[in-house]
Amino acid sequence: MSYRLAIFDFDGTLADSWPFFMSVFNEIADQHGFRRVDAAQAEQLRHYGPRDIMRHVGMPAWKLPIASRSFIDRMRGATGRIALFDGIAHTLRELDRNGVRLAVVSSNAEDNVRHVLGPELAGLMGQYECGMSIFGKAARIRKVVRRATVPAIEALYVGDQTTDGDAARRAGIAFGAVGWGYASMEALRRVAPEREFGTPADLLSLASQTCPPRNCPDA
């Protein structure tokens, strides 16, 4: 199965923001009154879904938006400390060169996403839908697919959390799970992804059956 539209999550999928996230997690926990985690607990939590993680640290659902804003605000002052995963830049360029449309749907802020991508790669993204809850991505994914005028069967959402798989399902498109992000592949398999990617280079397979860019319909 080839895809004409690849929609990407950002944190843990394009950007290696986990080290920064962990460096500020306990500060945010203290600020908003939920439990701290140490490095060993953080590794164990990779096998949990987001709702299970929230229960583990004692974060009620109503605190998630304000805790997320605290993380996003801290990232604004530290985007220079966050890098893309090795191989992501090359992969995005190659997918674009081969006629695959690119977009981002992320709970992070658009300005953070653009700063970490840098001007060149940011310009490859045809659409940005950012700033929603991690549980509110489905509507934004549907919006991106509708604007791209691509059949849902030819669109794929690429992410690193079980909530990304759930969002893709609700939006009516396929889910591609990456093995280098926050959640383990073992956890991601619980949402039955259509595609699995072990390395960023594996994403190049999305372009293997696409038409040349100048000949793609609606390119």
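Modeller: Keep in mind that this is a predicted model. We can begin with helix α5 (residues 88-97) and helix α6 (residues 110-122), which pack at an angle of about 30° with their axes 11 Å apart.

Colleague: Is α5 roughly parallel or oblique to α6?

Modeller: Angles under 35 degrees count as roughly parallel, and α5 is therefore roughly parallel to α6. The crossing of these two helices, α5 and α6, is right-handed.

Colleague: Which residues make the contact between α5 and α6?

Modeller: On the α5 side they are Ala 89, Leu 92 and Arg 93, and on the α6 side they are Leu 117, Glu 120 and Leu 121. Sorted by class, this contact of α5 with α6 has 4 nonpolar and 2 charged residues, with no polar ones.

Colleague: At what angle do helix α1 and helix α4 pack?

Modeller: Helix α1 (residues 18-32) packs against helix α4 (residues 64-76) at an angle of about 135°, and their axes are 10 Å apart. Only angles over 145 degrees would count as roughly antiparallel, so α1 is oblique to α4. The crossing of α1 and α4 is right-handed. Phe 20, Phe 21, Val 24, Glu 27, Ile 28, Gln 31 and His 32 of α1 meet Ile 66, Ala 67, Ser 70, Phe 71, Arg 74 and Met 75 of α4, and by class this contact has 8 nonpolar, 3 polar and 2 charged residues.

Colleague: How do the axes of α7 and α8 cross?

Modeller: The axes of helix α7 (residues 137-148) and helix α8 (residues 162-171) come within 8 Å and cross at roughly 55°, which means that α7 and α8 are oblique to each other. Their crossing, that of α7 and α8, is right-handed. The contact involves Lys 137, Ala 138, Ile 141 and Arg 142 of α7, together with Asp 164, Ala 167, Ala 168, Arg 170 and Ala 171 of α8; by class, it has 5 nonpolar and 4 charged residues, and no polar ones.

Colleague: Turning to the rings, how many aromatic pairs does the count come to?

Modeller: With ring centres required to lie within 6.5 Å, the count comes to 8 aromatic pairs. Ring pairs link Trp 18, Phe 20, Phe 21, Phe 25, Phe 34, Phe 71 and Tyr 182 into a cluster, and among these Phe 20, Phe 21 and Phe 71 also take part in the contact of α1 with α4.

Colleague: Which residue lies over the face of Phe 135?

Modeller: That residue is Arg 51, at 3.9 Å from the ring centre of Phe 135.

Notes: Residues are numbered from 1 along each chain as its sequence is written. This is a predicted model: local features need pLDDT of at least 70, side-chain atom pairs count only at pLDDT 80 or more; totals for chains, interfaces and linings use all residues. Side-chain values use heavy atoms; hydrogens and water are left out. Axes are lines fitted to C-alpha atoms, for helices over the stretch in contact, and angles run from 0 to 180 degrees between N-to-C directions. Helices (H or I, at least four residues) and strands (E, at least two) are DSSP runs, numbered from the N terminus. Angles under 35 degrees count as roughly parallel, over 145 as roughly antiparallel, 65 to 115 as roughly perpendicular and the rest as oblique. A crossing is left-handed if the near helix is turned anticlockwise from the far one by less than a right angle, and right-handed if clockwise. Contact means heavy atoms within 4.5 Å. Ala, Val, Leu, Ile, Met, Phe, Trp, Tyr, Cys and Pro count as nonpolar, Asp, Glu, Lys and Arg as charged, and the others, Gly among them, as polar. Rings of Phe, Tyr and Trp (its six-membered ring) pair if their centres lie within 6.5 Å; planes under 30 degrees apart count as stacked, over 60 as edge-to-face and the rest as tilted. A charge sits over a ring if NZ of Lys or CZ of Arg is within 6 Å of the ring centre and within 35 degrees of the ring normal.
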